[in-house]
Amino acid sequence: TISDLTGFSMTMMKPSLYDLIKKGTKIMQDNYPENLGKMMICNSPWAFTAVWAIVKNFVDERTREKINIIGGGYKEKLLELVDED
C-alpha cells in the first residue's frame, strides 16, 4: 500500500478521526493480521509523524514493522519495491 499525505494537516486530526483510526487498526490487526505486505506513507508532514508516535502504540509490532513513514524524498525508497511504470 502506498499512501500520499500531501496536504495533510493537524486540523484534520479531530478526536473522532483519531478514534476511527484506532478502531480500524484494531479490526484489521485482529481479523486480517497478515494481509498487509508493506505500507509506504509518503510526503508525511511533521504533524503526521507526531500522530504516528501515538497511534503506533495501538498497532501490533509485526504490523508496525511493515509500515514505513517517508517524507518528501520517497521516490528512491519506493523504486526499491515497485517498478517505476
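Two strands are said to pair if DSSP finds at least two bridges between them. Helices (H or I, at least four residues) and strands (E, at least two) are DSSP runs, numbered from the N terminus. The views below show a predicted model, in which local features need pLDDT of at least 70, side-chain atom pairs count only at pLDDT 80 or more, and totals for chains, interfaces and linings use all residues. Residues are numbered from 1 along each chain as its sequence is written, and side-chain values use heavy atoms, with hydrogens and water left out.

**Figure 1. Overview of the protein chain, with its 4 helices and 3 strands.** From the N terminus on, the elements follow the order β-α-β-α-α-β-α. The C-alpha atoms fill a box of roughly 35 × 30 × 20 Å, taken along the principal axes. Of the 85 residues, 22% count as buried; buried means under 20% relative accessible area, exposed over 50%, and partly exposed in between (1.4 Å probe, protein chains only). The accessible surface comes to about 6100 Å², and 57% of this surface belongs to carbon and sulfur atoms. Accessible areas come from the Shrake-Rupley method with a 1.4 Å probe; for residues, only the protein chains shown count as cover. Among contacts (heavy atoms within 4.5 Å) between residues at least 6 apart in sequence, 87% join residues at least 24 apart.

**Figure 2. The open sheet of 3 strands, in the order β1-β2-β3 with parallel pairing.** Strands β1 (2–4) and β3 (67–69) stand at the edges, and each has a single partner strand, so one side of each is left without a neighbour in the sheet. From one strand to the next, the twist averages 15°; axes are lines fitted to C-alpha atoms, for helices over the stretch in contact, and angles run from 0 to 180 degrees between N-to-C directions. β1 and strand β2 (residues 39–42) pair in the parallel sense over 3 bridges. Within β2, Met40 is the bridge partner of Ile2, and Ile41 stands opposite Ser3. β2 and β3 also pair in the parallel sense over 3 bridges, and the bridge partner of Met39 in β3 is Ile67.

**Figure 3. The largest nonpolar core, with 10 residues.** Such a core is a set of buried Ala, Val, Leu, Ile, Met, Phe, Trp, Tyr and Cys residues joined through side-chain atoms within 4.5 Å. Its members are Leu5, Phe8, Ile41, Ala47, Phe48, Val51, Trp52, Val55, Val59 and Ile67. Helix α2 (residues 46–55) supplies the largest share of this core, 5 residues. In soluble globular proteins, nonpolar side chains tend to be buried together.

**Figure 4. The buried residues of helix α2 and their cover.** Ala47, Phe48, Val51, Trp52 and Val55 are buried in α2. Seen down the helix axis, the buried residues fall within an arc of 135°, so they line one face of the helix; the arc is that of the directions from the helix axis to the C-beta atoms. Their cover includes α1 (15–31), β2, α3 (61–64) and β3. Leaving aside neighbours within four places in sequence, Val55 is in contact with Tyr18 and Ile21.

**Figure 5. Phe58 and Val59 in the loop between α2 and α3.** Phe58 is partly exposed, with a relative accessible area of 36%, whereas Val59 is buried, with a relative accessible area of 7%. Not counting residues up to four places away in sequence, Phe58 touches Tyr18, Lys22, Thr25 and Gln29. Phe58 and Lys22 are 36 residues apart in sequence, and their C-alpha atoms are 7.0 Å apart in space. With residues up to four places away in sequence again not counted, Val59 touches Thr25, Gln29, Trp52 and Arg64. Val59 and Lys75 are 16 residues apart in sequence and, from C-alpha to C-alpha, 26 Å apart in space.

**Figure 6. Asn43 in the loop between β2 and α2.** Asn43 has a positive phi of about 55° although it is not a glycine. Asn43 is partly exposed, with a relative accessible area of 21%.
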